[in-house]
Amino acid sequence: MVRALESILEFRNQSILRLASSVAVKMVKVLPGSILLQNRGLDLICPIVDLLSSHQLQVAMSCATAMNVILPKLCSRREREVWQILKETKAVGYLVHNIKQLSIVNIPIEYFQEMASLLSRILLWWPSFRFYVWNDSNFLNCLDAIKLISESSVKVAVLQLYSSLALCGNGAQKLLENGEALLQMTVSCMDSSNSHSVRMEAFKLARCLALSRRGCIQMMNICCEPLVKAITGAMKYSSTLSEKLDKSQLLVMEEACRLASITRWPGDHHIYFWKVGTDRLLLDLLLDYPKIHQLQRELSVNDLINIVREGQNSNLLFSFRPYLWDILGGLAANCEENISHEIHEIELQLRVLVVCACLSFVDSMGTLRQVSQNGLTNMTECESACRAVLMMVYSPCKYIASLARSILYEILKADGKDYVEYLLKILNAVLTGAKFGLPGNLQIVVSLMSLACYCSLPTYQELIIKFQGMKIVVAFIMWWLSNPVHLKRESTVPHLRDSFGERSCCYRSTEEWEGEDMLLLFSLWILAELLHHSAHNKKTNSSDNQEDFPRSQLIQELQEICRDHNSHGSRWYAAYVLSYFGIFGFPSKLGKRIGKLLGERDHSDMKLDFVNEESVYVHEVILTVRCPSLLPPGESVPKQKSSGVKSDMGRSVVKAVHLSAHVDQPSLLKLLEYVYSGYLQANKDLVKKLKLFARHCKLESLMQVLCRKNPKWGVDVPRFDLSPALGPAGHNLSNLILEAGSTTQLVHWNCNSCSALVPHLHVHKVILLSSCDYLRALFQSGMQESNLQTIKVPVSWESLNKLVRWFYSDRLPVPIFDCVWANLEPEEKFRQVHTYLELCWLAEFWLIDDLYEECYEVVISCIDSSQNLSTKIIQIAANFSQWKLAQVAANHMAPSYHQLRISGELDLLDDNLVEMVRAASVRLSQQGGHRSS
């Protein structure tokens, strides 16, 4: 029957097609999935998809209906084959075209629903099709018009379509560019006057748009208060309503709770969450105790514990709890430092919420034991409850932190000691490989978070140190650095894993503060708190202090964590730990290079004279960017002729600044150490004086580490970045011009600093020579070239820009291998790769090893992402004498060697390159077809 229908659908007789398409719908509805999954069932998809382009509305709509029935019956092992069919038949193009016709022709609503539903399903399952749709402005304009239709079924279809586009990070940005009308519609669809299906899809769309911090901020800038009110309105619940709520209502509430987790991102929306009484909402969802809001404030913690226990046991919304803990944790972590919750009259609600969270946290210890011993229990509430308590006890809001710590201490009195000992045994089991219940990654995360919670209480800090906890944690950090286990929270916590969110694409995980370094972050957090306790507790035995571990090795590793590409959270806590070893700041690779310039007389343009007639040579451009408060006011500074420094762009003098006798010389020198390198080393006495300097110079990040304040969740690590020197602030201090060797692609050129017509960049010798031994040797050679005011760099303008950006920021602008890259024309891809090949050659010539490694990795990534680039890259790499990269390209071409030879593409290459590809092909065949790069 399937074969016969397939043949009939290939007829072009319109009457037959109308009947056949209707039969196809009926057949696929009754056929079991096992039949459709067979090859014959897949063959039926081709003619059905082809007929989506039919001018007969009934035929096209029937085919869309049939596909809407077929696709849900597919299993994952057939997705690739169906994707190939959809790609070859251009199904998405037909669907987009059909939907756009709505703005031209009067087409039935049912037609749009079927087409939109099928397109949404395809975009949800196969991300590679999304770019084609969200990049079509006419299609988006058509959707803008359709979304005004008030019919519920149309609203659902439109919202689903927007959501499938917003699952792509680039698609979400496109929708938010002019997103006011879209967000107004979305918020209005969340209202209770709409059907449950409309509301649920509206919350899903908002959740997709807020998957990134950037997206969340953009949403809040447009409709912060209305969105928060819509979310909290859908979360309203009371025990009297519990019997009236059907499944669809609960699903709407769950979607609202999922969306409310935007509290994890900082922003103004937190103010509105507090204003609308989120504390009351959370209590109603957590406890089945109608009189909870009428309790007296004077109740003891024990009384509250009994009330909460009773309310928790009778509450049936267990599945909501992980989301509620996430919401509460986000609110606590992003709360302002001095906000007064008494003003909002929520002191009692907060106390009860904290008791709820702390009780769940303590219960999670029992859950953790069950998992470790029997592997039976779901850990999702365990993890989220631990996280909520962690956010509260370390909240920047002093009121919340103090309240949470006092309640946690009371609740832990019974079993706290046993739990601490048990948690340390889990970490020991990881280090020794002992069979202690074989803890998995989630259990280890929960154990570390739990220990971090205990470390907020001095009693348990002492207990952990007594049980050799500091030594164990340091060993764990060293273990992780040797065997890094990268985990994303979404992949480890069950309640964050859903088929909808897992299909997102083109979002960067680096936006999350913990990134993929959760185990490292929480172990550093514990170590920091233990060191804090040791530093303030002179009674601690010497056998229990930090000398129990390899101090110098740990310091070295912590500095590498700061310099490496770890998450912001890990780098913040590494810097925080370093402060207890007398190192304050944020070590970085660029800071390490710039730091060597402090005190160098060559190429300096300012001299700070102390009253004892000692001096230190500095560089005005570095002070301008890093600490302008150290610069003298105006231009009334005496100038002294430079000794041994040649004329630089007409500036032949060094500014001499005579410092007051009140300036403490050791403190200023240490401050300059921080300005130049990003960190400093100081003893306890010097730190007190440095705090005054840091406060006067408005160096807030330095002030934070000097005061050893806990890092605030979500705050980015301060970057050592001299890029502002390339702007107006640094132009007057420039003493060198770099011109590109090739500027053929620049049509219009204009420089804001000079009238030169050749494209160029104004730079500073001192910054360039700090990272390039070749330029250092050139500038200090004493030859004629050392006095050049203009250097022509033999690379393209694009390459020169990237080179200079790297010199000033230690960051190389690199391609993002997302859907935009995947859909670039091959020539455009190659043009971008060519830039990095040029830089590889220049970095090798100029002896810039770090830049070479970065460019090399970018080229490799480009080759991996686009196989067809190899045939062009191999020749250009050879032209630049980059034989290592040429060999990588040859290895990628090896599987296609015979096809390339037959097609004639190899004829364009030099003979030695053809031989390189042939040899790679031979090696591949000898290895059984497994390519190695």
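Is E739 buried or exposed, and what is its relative accessible area? In this predicted model, in which residues are numbered from 1 along each chain as its sequence is written, local features need pLDDT of at least 70, side-chain atom pairs count only at pLDDT 80 or more, and totals for chains, interfaces and linings use all residues. Side-chain values use heavy atoms, with hydrogens and water left out. E739 is buried, with a relative accessible area of 18%; buried denotes under 20% relative accessible area, exposed over 50%, and partly exposed in between (1.4 Å probe, protein chains only).

The structure holds 31 salt bridges, a salt bridge being a side-chain nitrogen of Lys or Arg within 4 Å of a carboxyl oxygen of Asp or Glu. E739 pairs in this way with K792, and their closest N and O atoms are 3.7 Å apart. K792 lies in strand 9 (residues 790–796) and E739 in strand 7 (residues 736–742), so the bridge ties together parts that are 53 residues apart in sequence. Helices (H or I, at least four residues) and strands (E, at least two) are DSSP runs, numbered from the N terminus. K792 counts as exposed, at 53% relative accessibility.

A salt bridge also joins E255 to R207, with 3.4 Å between the closest N and O atoms. E255 belongs to helix 16 (residues 247–260) and R207 to helix 14 (residues 196–209), 48 residues apart. Both E255 and R207 are buried. The side chains of D716 and R213 form another salt bridge, at 3.9 Å from N to O. D716 is in the loop between helix 36 (700–706) and helix 37 (728–731), whereas R213 is in helix 15 (residues 213–235), 503 residues apart. D716 is partly exposed at 39% relative accessibility, while R213 is buried at 17%. A network of salt bridges links D326, E383, R387, R489 and E514.

Helix 40 (residues 797–809) has 13 residues and should span 18 Å at 1.5 Å a residue, which agrees with the 18 Å between its end C-alpha atoms; the expected span is 1.5 Å times one less than the number of residues. Of these 13 residues, 10 are buried, so helix 40 is largely enclosed by the rest of the structure. The buried residues include W797, W806 and F807. Just after helix 40, D810 takes a positive phi of about 60 degrees.

S921 lies in helix 47 (residues 911–926) and is buried, with a relative accessible area of 12%. S921 touches A894 and Y897 (heavy atoms within 4.5 Å), not counting residues up to four places away in sequence.
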